[in-house]
Amino acid sequence: MENIKNITILTGAGISAESGISTFRDQNGLWENHEIEDVATPEGFQRNPELVYKFYNQRRFQLSQDNIVPNPAHMALAKLEREFSGSVLVITQNVDDLHERAGQKNLIHMHGELMKMRCVASNKIYKAPNFFDGDTPCPCCQEAGNLRPHIVWFGEMPFQMDKIQSELLNSDLFLSIGTSALVYPASIFYRWAAQGGAKTIELNLESTVASDRFDENFQGKASELVPGFVEDLLSGNISPEVS
Ligand code: OAD
């Protein structure tokens, strides 16, 4: 392979941890204090919609606080997109909007977006107000109870999977940043990228169940690892070859 032309990057909760947003599975993570079945499944929403509205209203409120801002890892990926000669696609599992606030344009939110809501009747997507619940009338059908968080719950299909798969197969370099690699299908993206001939690199605070499968691993905080890695990429210091 001569050059790196297409870079795809998968990000997870670890990239937003230093911006003050809880991860899911670390100590004090979101899934330590909540039952996934209650707040992140269609069945949970059917059983107790008010609990689910409350959970996401709280998350949205937290995200809108002044102290929650993109960190150097988000900024570095946006710089990579701006300055890299080839194409850069970020596929994020995160529902926060920190990548776009950092300036990332070519971005897929595969698990949805906290700042959006969706009508279950029309599937139309709207910017979410700070607070909405089962009493909020839907902007399109005016019905209360038709709005849900625009979030992919367990048992639902992540967004844009066809595009994601073809982009991964067409990559020269795949980076996995700040994810535990425990949630399918994101957990197998490295395989699709490798299948297409990409070099695969994991950058995470600690080793994960998938670390051995990557061509290279770097361990540390995203805000410390990613900026230096991006500088190396921009100056051509990352070899596309698998050593
Ligand atoms: P997890 O909470 O499972 O994993 C976060 C990973 O980030 C862990 O491996 C941490 O070691 C690492 N990490 C923590 N702090 C870090 C830092 N400062 N720098 C770098 N890495 C750090 O979160 P995800 O892998 O994103 O889905 O979880 C995947 C999906 O599971 C989420 O999108 C969510 C959840 O259930 C849905 O809700 C559909």
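## Exercises on pockets, ligand and backbone

The largest pocket has a lining of 49 residues, and those nearest its centre are Gly 12, Ala 13, Phe 24, Arg 25 and Asn 94. The model is predicted, so please work through the exercises with that in mind.

**Exercise 1. Describe the largest pocket: what is its volume, which elements line it, and what classes of residue does the lining hold?**

Solution. 
- Step 1: start with the space itself. The volume of the largest pocket is about 1,000 Å³.
- Step 2: turn to the elements. Two or more lining residues come from each of α1, α2 (30–33) and α5 (49–63). The largest share belongs to α5, with 5 residues.
- Step 3: sort the lining by class. There are 24 nonpolar, 17 polar and 8 charged residues.

**Exercise 2. Find which pocket the ligand takes up, and describe the shell of residues around the ligand.**

Solution. 
- Step 1: The space that the ligand takes is the largest pocket.
- Step 2: list its neighbours. The shell has 24 residues, and Glu 18, Phe 24, Arg 25, Thr 179 and Ser 180 come nearest.

**Exercise 3. Describe the second largest pocket, then the largest cavity.**

Solution. 
- Step 1: the second largest pocket has a volume of about 180 Å³. It is lined by 11 residues, with Asn 3, Ile 4, Phe 84, Leu 233 and Gly 236 closest to its centre.
- Step 2: by class, this lining has 6 nonpolar, 3 polar and 2 charged residues.
- Step 3: now count the cavities of 30 Å³ or more. There is 1. The largest cavity holds about 50 Å³ of space.
- Step 4: name its lining. Among the residues are Leu 10, Phe 174, Ser 176, Tyr 190, Glu 202 and Phe 214. At least two lining residues come from each of β7 (173–177) and α9 (189–195).
- Step 5: by class, the cavity lining has 7 nonpolar, 2 polar and 1 charged residue.

**Exercise 4. Which residues does a cis peptide bond join, and where does Asn 28, with its positive phi, lie?**

Solution. 
- Step 1: recall the background. Most residues other than glycine have a negative phi, and most peptide bonds are trans.
- Step 2: find the cis bond. It joins Tyr 184 and Pro 185, with omega about 0°. Pro 185 has its place in the loop between β7 and α9.
- Step 3: check phi. Asn 28 has a phi near 65°, a positive value in a residue other than glycine. The loop between α1 and α2 is where Asn 28 lies.

Definitions and conventions. Residues numbered from 1 in each chain as written. Predicted model: local features only at pLDDT ≥ 70, side-chain atom pairs only at ≥ 80, totals over all residues. Heavy atoms only, no water. Near = heavy atom within 4 Å. 1 Å grid on protein atoms, 1.4 Å probe; cavity = no way out; pocket = protein on both sides within 12 Å on 5 of 7 lines; lining within 4 Å. Sits in = over half its atoms within 2 Å of the grid points. Nonpolar A, V, L, I, M, F, W, Y, C, P; charged D, E, K, R; others polar. Points joined across faces, edges and corners; volume = space filled by probe spheres on them. Helix = DSSP H or I, 4+ residues; strand = E, 2+ residues; numbered from the N terminus.
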